[in-house]
Amino acid sequence: MTATATPVARASRAPRSSGYPPRRPDRGRRTGWPLTLALALCSLTVLAPLYVTVVMAFKTSEQSVDGNAFAFPAPFNPASFAEAWQLTRFPVSFSISVGVAVLTVALTLLLSSLASYAIVRYWSHRFFRWSFVYLLASMFLPFPVIALTEIKLTALTGLDNPLGVAILHAMFQLAFSVLLFSAYLRSIPVELEESARIDGATTWQVFWRIVLPLLGPMIATVGIFAFLASWNDFMLPSMIVSDPTLQVLPVVQNIFQSQFGTNYNVAFASYLMAMAPTIVVYLFAQRWVISGITQGAVKS
Amino acid sequence: MTTTTTAPAAPAARVAAPPRRRRHGRPEPIAYLFVVPALLVFTAFVVIPALVGIFYSFTDYVGFGDWSFLGLRNYAALLGDPGIREAYGFTLGFAVVTVVVAQVTALVLAIGLSKRIRFAAGLRAIFVIPMVVSGIVVAYVFNYLFSNTLPAFASAVGFDPLAQSILGNPDLAWLAIVVVSAWQTIPGALLVYTAGLTSIPGDLYEASSLDGAGPWRQFRSITLPLIAGFVLINTILGIKGYLGVYDVIVGLTGGGPGNATSSVAMTIFGGFTGGDYAYQMANATVFFVITVLISVLQLVVSRGRNIRL
C-alpha cells in the first residue's frame with residue numbers, strides 16, 4: 001500500500017527490506033504468553049506431518065502397518081533409506097529435478113529480465129506496450145487447458161523429456177516474473193543509465209553492468225518462485241516426460257502407490273528424501289526466502 | 001548528473017558517440033532483441049498450443065488421423081454430460097470451501113503473529129514450511145494419515161463415523177482434499193496478510209483503545225477495512241489456483257471413490273488416454289473461459305492496489 005512513494009525512495013529502500021516488519025511498539029502490554037502458546041499449538045498442524053514422515057521412515061515394515069503413525073520407531077531401522085534410494089533411483093531423479101529447476105530458473109530470469117527492461121524503458125512505444133500485455137496473457141492459461149496439445153507438441157519436437165519440462169515451467173513463470181521485474185524496474189531512476197550512456201556504454205552494457213545489479217532483490221524473488229514452482233511440480237512432468245527413467249523426483253514417488261503398497265517405511269523414507277532438500281535449505285535461508293516471497297506477493 | 005563515473009569502462013571509440021535522449025526517442029534495434037526471444041518461445045510453447053487446442057475443440061479429432069468439423073456439437077455434448085457437470089460442481093464447490101478455510105485460517109494466524117508474542121520469527125518460519133514442499137509428497141503423507149492413523153484413532157475412542165478411511169467415503173473424501181490443499185496454500189496467504197497488517201499504522205490501535213474499543217471492535221473497524229483489498233485479491237487468486245487442483249487429488253484419492261473427487265483438470269487429462277481428445281479440448285476451452293473471467297475480475301480489482309501473486 002505504498003504506491004505513492006517516490007521512485008527514488010523506493011529504489012533505495014527496496015534492497016534493505018528484510019521481510020521482518022519492525023515490531024509494533026505495543027507499549028504498556030506484556031508479552032502474550034497465552035497467544036504464543038496457542039500459535040505454537042497451531043504450528044503442530046505443520047510439524048506433525050513432518051514428524052510422522054521422519055518416524056515412519058525409521059520404522060520396520062511390520063511396525064509401519066499398524067496405523068499408529070506417531071509412535072516412535074522400535075526397533076530403529078534405517079535400512080529403508082537404502083531400499084528407497086534404489087527403488088526411486090534417487091541420484092538420477094534427484095539430479096534430473098535439480099537440472100530441471102535450475103534450467104527453469106535460468107530461463108525465467110534471462111527471458112523475463114531482458115524483456116521487462118526493454119518494455120519498461122520503451123513503454124511509450126506501442127510494440128513494447130503490446131508485448132507486455134501479450135506476455136501477461138499466460139496468467140489466463142492454466143496448464144490443464146493446453147495440456148493435451150502440449151503433450152503432442154513436445155512429443156513431435158523431441159521435447160518430451162526434462163528439457164521440455166524446464167522450458168514449459170519457465171513459460172508458465174513468465175507472466176508473473178515480467179510483472180515483478182517491470183514493477184521493480186519502474187522504480188529505478190533512468191538517470192543512472194543515462195549518465196552511463198553519456199560515458200559511452202551500449203544498451204547491452206547498461207543492462208548487464210547497471211540494471212542487472214540493481215535488480216538483485218527481484219532476481220532473488222523471481223528465482224525463488226521459479227525454483228519452488230518447478231521443483232515441487234507433479235502435474236506437468238507427469239504428463240510431458242515420456243521415458244519413466246527420466247522422471248523427476250516428485251513423480252517417481254508414485255511407485256509406492258502401486259507396487260510396494262504395504263512397505264510404508266520405504267515409501268516414507270523416500271518422501272523424506274524428496275522433502276528434506278528444500279526444507280533444509282529453507283531453514284538455513286528462511287529470513288531471506290520469506291523476504292523474497294513477501295516482496296513477490298506484495299509488489300512494494 | 002552528467003559526469004558521474006558509474007559507467008563501466010567503454011571502448012575509446014564509443015566515447016565520442018553523441019549522447020541521445022532515450023526516453024522519447026525511437027527504440028534502438030537491440031531493444032527489440034531483448035523482447036523478441038521471450039515473445040517467440042512464449043508464442044511457440046503456449047499461444048500456438050492453446051489456439052490449436054481451441055481449433056480441435058470444434059472437430060472430432062481423436063489425437064491422430066483424420067478429423068472433420070463438428071461445429072459446436074462438442075460443447076453441446078458437454079452441457080449434457082453428467083460426468084463433466086459433476087466435475088465442475090465438485091471443482092467449484094471445492095474451490096469456494098477451500099478458499100474460505102484457507103483465508104480465514106491465514107488471517108487469524110497473521111493477526112496472531114503480528115501481536116506481541118514470543119518466538120514470532122520462529123513460529124512464522126514454521127508456518128511457511130508447507131510452501132517449500134511438494135504437494136504430491138505431502139498428499140501421500142496425508143493419505144497414510146487419513147487411511148490408517150485417523151481410522152485407528154477413531155475406533156480406539158469409539159467414534160464410529162470415522163472408523164473407516166474418509167478417503168474411501170464418497171461423501172467425505174473431498175474434506176481430505178480441502179484439508180491438504182489449505183495446508184499447502186495457507187503460507188502464501190499468511191505472508192500477504194502479514195505484509196498487509198504491517199502497513200496499518202500502530203497509532204490507530206492506540207487511539208481506538210483510548211476510546212475504549214476492544215479487540216473485536218478493533219478488528220472490525222480498523223483491521224478488516226484496511227486489509228480488505230488484500231482479502232479480496234487473496235480470495236480471487238486462491239479460487240483461481242484451486243480450480244486447477246490436480247496434484248493433491250492424485251496423491252489422496254485419485255479422483256475416487258468412483259468419480260466423487262474428480263476435478264476438471266482430471267477430466268481434461270482423461271482425454272489423452274480416453275480417445276475423446278477433441279471433446280476434452282472443448283472442456284479445456286470452457287475451463288479456459290472460466291479462468292479468463294476470474295483473471296479479468298482479478299485485474300479489475302487489483303488495479304490501483306499493490307498486490308499480485
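**Close-up views of a predicted model**

**View 1. The contact between domain 1 and domain 2 of chain A.** In this predicted model, eight residues of domain 1 of chain A are in contact with nine residues of domain 2 of chain A. Sorted by class, the side of domain 1 of chain A that touches domain 2 of chain A consists of two nonpolar, five polar and one charged residues.

**View 2. The crossing of helices α9 and α10 in chain A.** Helix α9, formed by residues 190–198 of chain A, and helix α10, formed by residues 203–214 of chain A, have axes that come within 10 Å of each other and cross at roughly 140°. Because of this angle, α9(A) is oblique to α10(A), and the crossing of the two helices is right-handed. On the side of α9(A), the contact is made by Leu192(A), Glu193(A), Ala196(A) and Arg197(A), and on the side of α10(A) by Val206(A), Ile210(A) and Val211(A). Among the residues of this contact between α9(A) and α10(A), five are nonpolar and two are charged, with no polar residue present.

**View 3. The interface between chain A and chain B.** Here 95 residues of chain A are in contact with 91 residues of chain B. On the side of chain A that touches chain B, 62 residues are nonpolar, 22 are polar and eleven are charged.

Note on methods: Residues are numbered from 1 along each chain as its sequence is written. Chains are lettered from A and ligands numbered from 1 in the order in which they are written. This is a predicted model: local features need pLDDT of at least 70, side-chain atom pairs count only at pLDDT 80 or more; totals for chains, interfaces and linings use all residues. Axes are lines fitted to C-alpha atoms, for helices over the stretch in contact, and angles run from 0 to 180 degrees between N-to-C directions. Helices (H or I, at least four residues) and strands (E, at least two) are DSSP runs, numbered from the N terminus. Angles under 35 degrees count as roughly parallel, over 145 as roughly antiparallel, 65 to 115 as roughly perpendicular and the rest as oblique. A crossing is left-handed if the near helix is turned anticlockwise from the far one by less than a right angle, and right-handed if clockwise. Two residues are in contact if their C-beta atoms, placed from the backbone, lie within 7 Å. Ala, Val, Leu, Ile, Met, Phe, Trp, Tyr, Cys and Pro count as nonpolar, Asp, Glu, Lys and Arg as charged, and the others, Gly among them, as polar.
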